[in-house]
Amino acid sequence: MKLLTTKMFSLHSTTTIKSNSPSLASPFFPLQTKSSRNLISMNNNTSLFANSLSAAKQPQLSTVSASKSDYEIADSSFQASESFLRSVLSGMESVYLNRNPTAKAVLRLVQSIDGERICYDHLAFRTFGVNGHGIDSMASIFLDYGYTQQEELKFPAKKLKALWFAPPRISYLDCGGGDGAGINGPLPRIFISELLVDQMSPQAQEIIKKYTEISSSGYKHAALASALGSLTWKKPLYTEFQQLSRESEYAAWTLVNGYALNHVTISTHRLKSHLRKINALNQFIEENGFKLNCEGGVLKVSPDGLLLQSSTVADSITFKFADGVNESVPCSYIEFAERLVLPQFKNLPEEEVKEFHRRDGFEVGNADKIFESTSKEQLTRRAA
């Protein structure tokens, strides 16, 4: 472990989030000692990962696949490996919740109306497409544990590309069974994007390559870095962050956040209350004082009208740069997605509709606008 620790640099070693909101007993905000190991202190990275691993002892639910033919019964060997994967995801989720008070508050707010069993539609990560630090660096752990690569999405104006990955082929009932929710519910889709570094200016490329070269083989431990809340390169200079921001806000975000979860997404159609309709959820979120990303309109709709998405504006967090400057930088946000029933299944009784009866995948037009949740324009509007 000595070699690893020389490559890991704490991003926010003493981050503390305080909330005046009342606590609710849930997988996200547990009151009981039995569940409290899922909330991990950012002041101790070692205990964070150890506590995350202990979560593997909890009973697990079956996962979601991308098509009806994928729904098969998992054997005992897969269940064992799935338990480890969930413990790693739990560490990532804990870092995310500790750094992003809006996400934590929104989850608590939705639980206050709908109950504890919130399911995730997908998790998203950002990467640098250079020196091995691109999509493959984060995708490897998911591929190792049964995920399958799906379509590629291209965003030429932003100099980005993305791939999404479908969960393992396992029997899936619904989110309501057992006590699983969030990371302990149906395994989510995974969305990983990367900056096409070779399309950036020479100056931007120089900055990005400087830090990915410092990271060296750190990309091999992308999932570990995410679960520990650590960068795999040293902290950058504030002037470098500013320079990247002027050319690509995505690049600047990745420089200071690394492999941290960019966002988690609530699967709204799996909710039980009236909030299962995304327009009702959006209204509810705004009425409670949270700003939603309004790029292209609050509601992002796919051309086929079957994928509806929205998101909050990202939180900001104080970051201490290598030159001693303390400055606010964008952190992460929470997204909402409603997947409507495919036309061929529209006559199914509602109680018989499963995830594979709904619209799958992602949409470039929607995702392009969701990316703006961390933009300076949206953050400035939030502060207004």
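H133 is found in the loop between β2 (120-128) and α5 (135-144). With a relative accessibility of 1%, H133 counts as buried. Buried means under 20% relative accessible area, exposed means over 50%, and partly exposed lies in between (1.4 Å probe, protein chains only). Not counting residues up to four places away in sequence, H133 touches T127, F128, T212, S215, S216, Y219, T232, W233 and Y259. A contact means heavy atoms within 4.5 Å.

This is a predicted model, in which local features need pLDDT of at least 70, side-chain atom pairs count only at pLDDT 80 or more, and totals for chains, interfaces and linings use all residues. Residues are numbered from 1 along each chain as its sequence is written, and side-chain values use heavy atoms, with hydrogens and water left out.

**The chain as a whole**

The secondary structure of the protein chain comes to twelve helices and twelve strands. Of its 384 residues, 54% count as buried. Among contacts in the protein chain with a separation of 6 or more, 75% are between residues 24 or more positions apart. The protein chain exposes about 15900 Å², and carbon and sulfur atoms supply 51% of that area. Accessible areas come from the Shrake-Rupley method with a 1.4 Å probe; for residues, only the protein chains shown count as cover.

The average pLDDT of the protein chain is 82, and 76% of the residues score at least 70. pLDDT is the predictor's confidence in each residue, from 0 to 100. Over residues 1-75 pLDDT stays under 50, and for this stretch the model has 184 contacts beyond four places in sequence.

**Residue S316**

S316 belongs to strand β10 (residues 316-320). Its relative accessibility is 40%, so S316 counts as partly exposed. Leaving aside neighbours within four places in sequence, S316 is in contact with S328, V329, P330, C331 and L379. The C-alpha atoms of S316 and P101 are separated by 9.6 Å, while the two residues are 215 residues apart along the chain.

**Aromatic rings**

A pair of aromatic rings is described by the distance of the centres and the angle of the planes. Rings of Phe, Tyr and Trp (its six-membered ring) pair if their centres lie within 6.5 Å; planes under 30 degrees apart count as stacked, over 60 as edge-to-face and the rest as tilted. The structure holds 13 aromatic pairs. One of them joins F142 and Y147, with ring centres 5.3 Å apart and planes at 75 degrees, so this pair is edge-to-face. Both F142 and Y147 are buried. Y238 and F241 form a stacked pair, at 6.4 Å centre to centre with 20 degrees between the planes. Y238 and F241 are separated by about one helical turn because they are three residues apart in helix α8 (residues 238-247). Y238 is buried, and so is F241. One aromatic cluster is formed by F155, W164, F191, Y250, F362 and F371.

Charged side chains also meet rings. A charge sits over a ring if NZ of Lys or CZ of Arg is within 6 Å of the ring centre and within 35 degrees of the ring normal. R126 lies over the face of W253, at 5.0 Å from the ring centre. The charged end of K235 sits over the ring of F319, 5.5 Å from its centre.

**Salt bridges**

Side chains of opposite charge can pair when their charged atoms come close. A salt bridge is a side-chain nitrogen of Lys or Arg within 4 Å of a carboxyl oxygen of Asp or Glu. The count comes to 15 salt bridges, including those in the table.

| D121 | R189 | 3.0 Å |

D368 has a relative accessibility of 25% and counts as partly exposed. K158 is partly exposed as well, with a relative accessible area of 21%. D304 is partly exposed, at 41%, whereas R359 counts as buried, at 9%.

Terms used:
Helices (H or I, at least four residues) and strands (E, at least two) are DSSP runs, numbered from the N terminus.
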